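This briefing describes a protein structure for a reader who has the sequence and coordinates at hand. Please consult the structure below before reading the points that follow.

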Amino acid sequence: MQPSFLDALGLFQWLGFAVLVAAWPVYELLTLRRRARQAEERADQLTQDYQHRIDALDVVQRQAVAHLLQHPQPLRTPPAGVGPTLHAVAVDHAPDPYAIPIGWQNSDGVADLVTGSLHGDSPYFVGNIQVTGMTRWGKNIWEFLTTTTLCARTTPAQVQIFCIDGKGPDGALWRGLAHNWREPITREEDLPDAIAALEALRAERMHLLAQHGVTKWEELPPQSRPPMVWVVINELSLLEKVLGRELERWLTRELSSALAGGLRYCILMQDASNWETGWRRQIGLAVAGGQVSRDADKPNLGMSTAEIKERGGMPPSELAERGQFTVRFYRDVVSVSIPYLTVEERKAAITRLPSARQRTSVSSLSAPQQEATIPDTAVRSAASQGQQCAKTTRSALLADGSMVSTGHQNGVSTDTANTLDSLGTAIDTALEQGDELTDAQITYLHLHRQWSPTRIAESRGLRGRKQVRLERVYAALGLRREPAEVEQQV
């Protein structure tokens, strides 16, 4: 074979390889463009399809759809695991170690974490909590997220927990923690001792308030203020076996003075329909999971089905999936969702909390604690800074799944507070008079008052259509609005 032919063949092979290398990216680009075009066509087709369906509705039905779209909906895919929820609370509510997560919502395409506070001086203080829902709806997971957040962001001198779970398994997870006021009650025969201990604790707290001449736990001197006690009663019907008919009177008596004494109750049960309303009047935050009938909507939330819908919430009887809850905070109603947590995930989260062996000093009912200053702008619901879709940003915050106790601040400097107060006063005046908000004022509302972009857009400080107001808010905050990244729910 001639050398010249071999050289030509080699040159041809190299040229073919070079063409292949150059053509492959072009081929991939054309493929991506084709797929993008197909997605756009599919989106246009779906838009037309939904528009035809809406056009086919009568006037009343169209108004109902429009009303539904104006309110946030539960986030269909809340961030997985404990880490994203804990991190969002720590970032957005650093001044308030008593802030708790309530659930995730889809607020106009943005993942928002709704929160509250257990501190009585917070403008969004939630007080005692009632959690209801059908079996395996996620009541215990909701309580787990709240308790874990409290333990991760506070010391045992600030918050202690007491879990009463006559069924056993869920309460047993909290054994051996530094934050335990007493070890969890997991057997029915131990319930009488737990009830007696709570009555003694309430009496001691009332005596302490009288001794210092104050009316509530928050007014006690920091050096004399005992820890807040978070009491979880899992399945209220179990206490009925011990107290019988006296249970509801006992609950009314304990709950009515619990807030003043620095006690916060979280009561879990399947349905509140068969319980008297006396002690339920002491509930500040009602968290209702799925129910079988509309008849259960009002007993569990304190509002009729029509009132819940009118205020933008989904009635418990119409919640579509487990892990979705409708929450009533006084007259405000919002529907949220929480992530599903396996037993292994819950155990892994608890192992990262301080254990009793790691406690530097033994806490008692009169153990002093560091004063926590709760500014007027602290707490409520907002998306964290630079928020994006739940599937990417929140998961990336703690990609390794770690959950380390987050430090917190218990005060702000005088200069900073004065500056923020003056700006806050100007904002209040602008909102009252209907003046246009500046970019700095919008940023202040988002970072310091924890207002979500949707809430800012719906205030009196912006004008124009809702879409225009939202774009203005996102431009002021330097955020990019990508509603397509979060699933919409109608």
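The points below are grouped by topic, beginning with the chain as a whole.

The structure is a predicted model. Its protein chain has a mean pLDDT of 77, with 81% of the residues reaching 70 or more. The secondary structure comprises 16 helices and ten strands, and buried residues account for 49% of the 490 residues.

**Confidence and overall organisation**

- For residues 360-419 the pLDDT is below 50, and this stretch has 161 contacts in the model beyond near neighbours in sequence.
- Residues 480-490 also have pLDDT below 50, and this stretch has 35 contacts in the model beyond near neighbours in sequence.
- Where pLDDT is low, predicted coordinates should not be read in detail.
- Of the contacts in the protein chain between residues at least 6 apart in sequence, 71% join residues at least 24 apart.

**Helices α6 and α8**

- Helix α6 spans residues 191-212 and helix α8 spans residues 247-258; their axes come within 10 Å and cross at roughly 35°.
- The crossing in which α6 passes α8 is left-handed.
- On the α6 side, the contact is made by Ile-195, Leu-198, Glu-199, Arg-202 and Met-206.
- On the α8 side, the residues that make the contact are Trp-250, Arg-253, Glu-254 and Ser-257.
- Sorted by class, this contact of α6 with α8 has four nonpolar, one polar and four charged residues.

**Helix α8 and its surroundings**

- Helix α8 has twelve residues, and the distance from its first C-alpha to its last is 16 Å, close to the 16 Å expected at 1.5 Å a residue.
- The buried residues of α8 are Leu-247, Glu-248, Trp-250, Leu-251, Glu-254, Leu-255, Ser-257 and Ala-258.
- The elements against which the buried residues of α8 pack are the helices α6 and α7 (237-243), together with β4 (128-132), β7 (263-269) and β8 (283-288).
- Glu-254 is located in helix α8, and its relative accessible area of 1% is under the 20% limit, so Glu-254 counts as buried.
- Apart from neighbours within four places in sequence, Glu-254 is in contact with Leu-198, Glu-199, Arg-202 and Tyr-265.
- Among these partners of Glu-254, Leu-198, Glu-199 and Arg-202 belong to the α6 side of the contact between α6 and α8.

- Helix α4, covering residues 139-153, has 15 residues and reaches 22 Å from its first C-alpha to its last, close to the 21 Å expected at 1.5 Å a residue.
- Because 15 of the 15 residues of α4 are buried, this helix is largely enclosed by the rest of the structure.
- Arg-136 lies in the loop between β4 and α4, and its phi is near 60°, a positive value in a residue other than glycine.
- With a relative accessible area of 71%, over the 50% limit, Arg-136 is therefore classed as exposed.

**Buried positions in loops**

- Leu-220 is placed in the loop between α6 and β6 (228-234) and is buried, with a relative accessible area of 3%.
- Leu-220 and Leu-208 are twelve residues apart along the chain, and their C-alpha atoms are separated by 8.7 Å.
- Not counting residues up to four places away in sequence, Leu-220 touches Leu-208, Leu-209, His-212, Val-214, Arg-225 and Pro-226.
- Gly-127 lies in the loop between β3 (110-117) and β4; this glycine is buried, at a relative accessible area of 4%.
- The C-alpha atoms of Gly-127 and Gly-116 are 9.4 Å apart, with the two residues eleven apart along the chain.
- Leaving aside neighbours within four places in sequence, Gly-127 is in contact with Ser-117, Leu-118 and Leu-259.

- Trp-104 is found in strand β2, which covers residues 99-107.
- At 1% relative accessibility, Trp-104 counts as buried.
- Trp-104 and Phe-325 are 221 residues apart along the chain, and their C-alpha atoms are separated by 9.8 Å.

Note on methods: Residues numbered from 1 in each chain as written. Predicted model: local features only at pLDDT ≥ 70, side-chain atom pairs only at ≥ 80, totals over all residues. Heavy atoms only, no water. Axes fitted to C-alpha atoms, helices over the stretch in contact; angles between N-to-C directions. Helix = DSSP H or I, 4+ residues; strand = E, 2+ residues; numbered from the N terminus. Left-handed = near helix turned anticlockwise from the far one by under 90°. Contact = heavy atoms within 4.5 Å. Nonpolar A, V, L, I, M, F, W, Y, C, P; charged D, E, K, R; others polar. pLDDT = per-residue confidence, 0-100. Expected span 1.5 Å × (residues − 1). Buried < 20%, exposed > 50% of the residue type's maximum accessible area, 1.4 Å probe, protein only.
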